[in-house]
Amino acid sequence: MSETTTHVGSGKVRELYALDDDRLLLMASDRISTFDVVLPTEIPDKGRVLTGLSAFWFARTRDLVENHLLEIRPDGRSLECRRLEMLPIECVVRGYLAGSGWKDYRASGEVCGHPLPEGLSESDRLPEPIFTPATKAATGHDENITREQAAELVGADRLREVEATSLTLYGFAAAYAAERGILIADTKFELGIDRTGRLVLADEAFTPDSSRFWPADQYEPGRPQPSYDKQFVRDYCETLGWDKTDPGPELPEEVVAGTRARYVEAFELLAEIPFDRYLDDPEVVLR
Ligand code: Q0Z
């Protein structure tokens, strides 16, 4: 990092730096969170897996929507990106009934104003994927909003474009991943506007941190699904009687190794590139 690189933001497990007026650097650490707490133990290469997957999806979806990616750094964990005017909503698409979607459905029979058929079970596949925007909460949890609230925030015409783009991206990625043994239950994007007013996919795309990945071979509606990447960590934490407040527990080496293996497996299934090749030359995911 050069002297003139300024830190401009932190996520739970990522850092954002300004390179100049037009470019940002997004860096993914090896930190992992569970039950919303960042744990004291890192998962080696987790940031590289997520960065590689995100860059892979940017390359694969560039004909569907423009994206912010300029370069992938040789460290494999940082992306140089175009700086955009970010939309003040989180773009969420759900193909399955999980998380807050399942909670809202149980309470009201609908999710963000989408009426759904009666009698759906937890983790059921939805008849059609639905766009369920949320507000960006600085801390804590994003809050689901209605289409009307989202239209007030971005404008009705822009919202229609955002919804169509989000559904197209999810449809492409979910079908691609399902053929390779991973169900993408839902996903969250950030979209921005470039200086010419065009909609651009930003932030990260279809990583296990921004999406719910489920192993397709264990899919069984009617219960919560195991997480593709974090299930070992959650199961281990559940054995401890930890109250899920900060600080979280240290992870034993077998949980670290098993979790790292799951991240690498997701990368290799989706990108169809050995992870060691990515470490040698991160640009392989762009070709
Ligand atoms: C992304 C975030 C992170 C903390 C701002 N291309 C862009 N242009 C303008 N702003 C952003 C982007 Cl990606 C932008 N975030 C989310 C990421 C750490 C916050 F790594 N915030």
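Here are some questions and answers about the ligand site, a helix pair and a few local details of this predicted model.

Residues count from 1 along each chain as its sequence is written, and side-chain values use heavy atoms, without hydrogens or water. As the model is predicted, local features need pLDDT of at least 70 and side-chain atom pairs pLDDT 80 or more, while totals for chains, interfaces and linings use all residues.

Me: Which element gives the most residues to the shell around the ligand?
Reply: The shell holds 13 residues, with Arg-14, Leu-26, His-68, Arg-82 and Leu-84 the closest; a residue is near the ligand if one of its heavy atoms lies within 4 Å of it. Helices (H or I, at least four residues) and strands (E, at least two) are DSSP runs, numbered from the N terminus. With three residues, the top giver is β2.

Me: How many residues of the shell around the ligand are charged?
Reply: Ala, Val, Leu, Ile, Met, Phe, Trp, Tyr, Cys and Pro count as nonpolar, Asp, Glu, Lys and Arg as charged, and the others, Gly among them, as polar. On that scheme the shell has five nonpolar and three polar residues, and the charged ones number five.

Me: How much of the ligand's exposed area does the protein bury?
Reply: Start with the polar contacts (N or O pairs within 3.5 Å; within protein, one must be able to donate a hydrogen and the other to accept it, and residues adjacent in sequence count only if both atoms are side-chain atoms). Ligand nitrogen atoms sit 3.0 Å from a polar side-chain atom of His-68, 2.7 Å from a polar backbone atom of Arg-82 and 2.9 Å from one of Leu-84. Taken alone, the ligand exposes 480 Å², and the protein buries 84% of that. Those areas come from the Shrake-Rupley method with a 1.4 Å probe; for residues, only the protein chains shown count as cover, and the buried share of the ligand is 84%.

Me: Which backbone oxygen lies 2.8 Å from the side chain of Arg-262?
Reply: Arg-262 is in helix α6 (residues 253-271). Leaving out residues up to four places away in sequence, Arg-262 touches Pro-215, Tyr-228, Asp-229 and Phe-232, where contact means heavy atoms within 4.5 Å. The oxygen 2.8 Å from a polar side-chain atom of Arg-262 belongs to Tyr-228.

Me: Is the peptide bond from Asp-246 to Pro-247 cis or trans?
Reply: Most peptide bonds are trans. Pro-247 lies in the loop between α5 (231-238) and α6. Omega of the bond from Asp-246 is near 0°, making the bond cis.
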